[in-house]
Amino acid sequence: MKKYTAQINNKQLVLVSEDQKEIGRIVKLNKFFSSGHYIIFNSRSYDIKNVGFLKNDAELFNSKGVIYFTDLGKERIIKSGADVRIYNFKLSKTNQLFEKEKLLIEVTTEDKKKLKYPIYHLEVDESVDGLLALFFLHYSTQEFSSIGGDGD
C-alpha cells in the first residue's frame with residue numbers, strides 16, 4: 001500500500017506521497033454565480049460536475065468525456081470507457097473504496113478539533129490510479145465543499 005497525505009493549502013486540497021512529492025490537487029473554483037471543483041493530475045486538468053437528483057453524484061471528465069462517475073444510491077464509482085470497472089465505497093469515519101471485496105483506498109482524518117483544516121491520510125493499493133484516488137478523496141470528504149467559508 002502507498003501512503004499519501006492531503007492537506008488544504010490556499011483553497012486547494014493537495015495530495016502528496018510519503019516523500020512529499022505532489023501526486024495531484026483538488027482545486028476549488030469560484031465564479032460569480034457558481035462554484036465548482038477540478039482536479040489537476042499529471043499536468044492535466046479534469047473537471048468535476050455535480051449531477052443527479054439533489055446533485056448528490058459527481059462526474060469527473062475532460063475533453064475526451066466522462067472518466068469516472070458516482071452512483072450514491074448503490075454506493076459505487078464507475079470507470080467509463082473501454083475498460084469499465086465498478087468500485088464500491090463505504091463512507092463513514094473511515095472512508096473506503098473496494099473492487100470485488102479488495103480494499104483499494106482507505107481515507108482517515110486527523111482530529112479536526114485541533115486543526116484549522118483537516119489532514120487526510122490515504123492508504124492506496126499499488127494498482128490504483130492517482131486520478132481515482134483524487135476523485136474518491138474529493139467525493140468522500142464532505143468538508144472540502146466548505147473551504148473558504150462560503151459553504152456552497
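The following exercises, with worked solutions, concern a predicted model.

**Exercise 1. Surroundings of threonine 70**

Determine whether threonine 70 is buried or exposed, and identify the partners of its side chain.

Solution. 
Step 1. Locate the residue: threonine 70 belongs to strand β7, which covers residues 65–71.
Step 2. Examine the polar partners. The side chain of threonine 70 makes a polar contact of 2.9 Å with the side chain of aspartate 57. The side chain of threonine 70 also reaches the backbone nitrogen of alanine 58, at 2.8 Å.
Step 3. List the wider contacts. When neighbours within four places in sequence are left aside, threonine 70 touches Asp57, Ala58, Arg76, Ile77, Phe135 and Tyr139.

**Exercise 2. Aromatic pairs**

State how many aromatic pairs the model has, and classify the pair of tyrosine 68 and phenylalanine 135 as well as the pair of phenylalanine 89 and phenylalanine 136.

Solution. 
Step 1. The rings of tyrosine 68 and phenylalanine 135 are 6.2 Å apart from centre to centre, with 20° between the planes. Planes under 30 degrees apart count as stacked, so this pair is stacked.
Step 2. Place its members. Tyrosine 68 is in strand β7 and phenylalanine 135 is in helix α1 (residues 130–140), so the pair ties together parts 67 residues apart in sequence.
Step 3. Check burial. Tyrosine 68 is buried, with a relative accessible area of 3%, and phenylalanine 135 is buried at 0%.
Step 4. Classify the pair of phenylalanine 89 and phenylalanine 136. The centres are 6.4 Å apart and the planes form an angle of 45°, which makes the pair tilted. Phenylalanine 89 is in strand β9 (residues 85–90) and phenylalanine 136 in helix α1, 47 residues apart. Both residues are buried.
Step 5. Extend to the cluster: Phe89, Phe136 and Tyr139 form one aromatic cluster.

**Exercise 3. Valine 128**

Describe where valine 128 lies and which residues it contacts beyond its neighbours within four places in sequence.

Solution. 
Step 1. Locate the residue: valine 128 is in the loop between β12 (119–124) and α1.
Step 2. Compare sequence and space. Valine 128 and lysine 2 are 126 residues apart along the chain, yet their C-alpha atoms are separated by 9.5 Å.
Step 3. List the contacts: Lys2, Leu104, Ile105 and Ala133, leaving aside neighbours within four places in sequence.

Notes: Residues numbered from 1 in each chain as written. Predicted model: local features only at pLDDT ≥ 70, side-chain atom pairs only at ≥ 80, totals over all residues. Heavy atoms only, no water. Helix = DSSP H or I, 4+ residues; strand = E, 2+ residues; numbered from the N terminus. Polar contact = N/O pair within 3.5 Å; in protein donor to acceptor, adjacent residues only side chain to side chain. Contact = heavy atoms within 4.5 Å. Phe/Tyr/Trp six-rings, centres within 6.5 Å; stacked < 30°, edge-to-face > 60°. Buried < 20%, exposed > 50% of the residue type's maximum accessible area, 1.4 Å probe, protein only.
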